[in-house]
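Me: Hi! Could you walk me through this one while I have it open?

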Amino acid sequence: MSFFQLHSVSKIYHSQWVVKDISFALSQGEIFGLLGESGSGKSTLLRMAAGLLDADEGYVSLQDQPLRPASDQLIPGHPDIKIVHQDYNLSATLSVRENINYALRYYEKAYRDERVDELLQLCQLEAVAEHPAKSLSGGEKQRTAIARALAEEAKVLLLDEPFAHLDLPNRHRLTDTLRELAEHTGIACIFVTHDPNDALSLSTRMGILHHGKLIQLGTPETIYHFPANAYAAELTGEVNLLNADFFRNSVGSYATLPDGRLAVRPEKCILSPSPTIYGIEAVVKRVVFAGSHYTFYLQAGTQLLKVYHHEVLPLDKSVFVDLR
Ligand SMILES: Nc1ncnc2c1ncn2[C@@H]1O[C@H](COP(=O)(O)OP(=O)(O)OP(=O)(O)O)[C@@H](O)[C@H]1O
């Protein structure tokens, strides 16, 4: 039995495939990140997964039951699938507690009070529970929207760009909240993002969407280290795309792409100031401080190479690059 599944889902707008033949399944408690550039079809796919938009081909199922088509329903959607849109949609003058409470207005007061307290705790909102939504930070608004979506117990949570307007501390807080949620409630979660760091750090599995097609599906580690092609390699982080014979004598960590090139991550390169047995000679052209390391831009013959290194070296110095 599969918990939540997309079966060859497609969508056409103006005779163009916006989403094409997408299939994947989620287990309970799984967090699935869908990474894609603007216009790749992420929101369209999420709305079909929520049962808010009908697929032109294929279907979505929850616990092996196909969702009812949106066009057959007075209020499209499914009671067990909640979606949090990019704009949060909170009532500005109501407090955090009241916003969450509203989603439970048809329940008894005693249950409602208990459930709201539980959600405030789960979403780390206790300190701002009585604050009006309009006074909240972006991260607090986002977590309030998630708490409200979860007020009625859901099986699937869909998040459209949940990190788009958040600073780093709020990103971390929301990431923790989502992990805890999935772990403790078993909810399956799909979030869409254009940021590789969010997709790689939060997903249990992830997919890469390109022009409406899922071009790769796997764990973050697999996709990062063995990208399916140059597009997937570049979308998931900094990478050197090199001629096949570039590191001809080195053993080390790189992926060979279908076009024959090597995908080498900058942190997999070792930079030495003096010659090494198989080291490729290169010249330092630019150095950029990046917090945890320096990014070196090197010229090695006709190839430009990006390498992370922990010490500054002077411009125009000859260095030697090996693979780890
Ligand atoms: N209702 C619609 N009618 C016609 N075209 C649409 C409609 N909705 C989306 N599209 C088109 O489908 C494509 C995918 O849009 P979608 O919003 O799903 O992309 P996205 O990856 O979520 O983009 P973004 O990250 O910018 O939000 C775009 O080219 C968009 O213009």
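This is a predicted model: local features need pLDDT of at least 70, side-chain atom pairs count only at pLDDT 80 or more; totals for chains, interfaces and linings use all residues.

We'll go from the overall layout to the ligand, the sheet and a few single residues.

Me: What share of the residues count as buried?
Reply: Of the 324 residues, 38% count as buried. As for the contacts with a separation of 6 or more, 64% of them come from residues 24 or more positions apart.

Me: Which domains does the assignment give?
Reply: The domain assignment lists three entries: domain 1 is 1-80 + 154-237, domain 2 is 94-150 and domain 3 is 240-323. Between the C-alpha centres of domain 2 and domain 3 there are 50 Å.

Me: Now the ligand. Which residues are around it?
Reply: The shell consists of Tyr-13, His-14, Val-18, Gly-36, Ser-38, Gly-39, Ser-40, Gly-41, Lys-42, Ser-43, Thr-44 and His-194. By class, that makes two nonpolar, nine polar and one charged residues.

Me: Which helix gives the most to that shell?
Reply: That's α1, residues 42-49, with three residues.

Me: How many residues of α1 are buried?
Reply: Seven of its eight residues are buried, so α1 is largely enclosed by the rest of the structure. The buried ones are Lys-42, Ser-43, Leu-45, Leu-46, Arg-47, Met-48 and Ala-49. After the helix comes Gly-51, with a positive phi near 80 degrees.

Me: On to the open sheet. What's the strand order?
Reply: The open sheet has six strands in the order β6-β7-β8-β3-β9-β10, and the pairing is mixed. At the edges stand β6 (81-84) and β10 (213-218), each with a single partner strand, so one side of each is left without a neighbour in the sheet. Ignoring direction, neighbouring strands here are turned by 15 degrees against each other on average.

Me: How do β6 and β7 run, parallel or antiparallel?
Reply: They run parallel, joined by four bridges, with β7 covering residues 156-160.

Me: While I'm at β8, where does Thr-193 lie, and is it buried or exposed?
Reply: Thr-193 lies in β8. With 23 C-beta neighbours inside 10 Å, Thr-193 counts as buried; the cut-off for that is 20 or more.

Me: What does Thr-193 touch?
Reply: Leaving out residues up to four places away in sequence, Thr-193 touches Gly-33, Leu-35, Glu-161, Phe-163, Asp-198 and Ala-199.

Me: Which phi value does Ser-8 have?
Reply: Ser-8 has a phi near 45 degrees, a positive value in a residue other than glycine. Ser-8 lies in β1 and counts as exposed, with 12 C-beta neighbours inside 10 Å.

Me: What about Asp-21?
Reply: Asp-21 also has a positive phi, near 55 degrees, and is a residue other than glycine. Asp-21 sits in β2 and counts as partly exposed, with 14 C-beta neighbours inside 10 Å.

Me: Last one: how many bridges join β16 to β17?
Reply: Seven bridges join β16 (residues 294-300) to β17 (residues 303-309), and the two run antiparallel. Phe-296 stands opposite Val-307 in β17. The two strands form a hairpin with two residues between them, and Gly-301 in the turn has a positive phi of about 60 degrees.

Notes
Residues are numbered from 1 along each chain as its sequence is written. A residue is near a molecule or strand if its C-beta atom, placed from the backbone, lies within 6 Å of it. Ala, Val, Leu, Ile, Met, Phe, Trp, Tyr, Cys and Pro count as nonpolar, Asp, Glu, Lys and Arg as charged, and the others, Gly among them, as polar. Two strands pair if DSSP finds at least two bridges between them. Axes are lines fitted to C-alpha atoms, for helices over the stretch in contact, and angles run from 0 to 180 degrees between N-to-C directions. Domain bounds come from an automatic or database domain assignment. Two residues are in contact if their C-beta atoms, placed from the backbone, lie within 7 Å.
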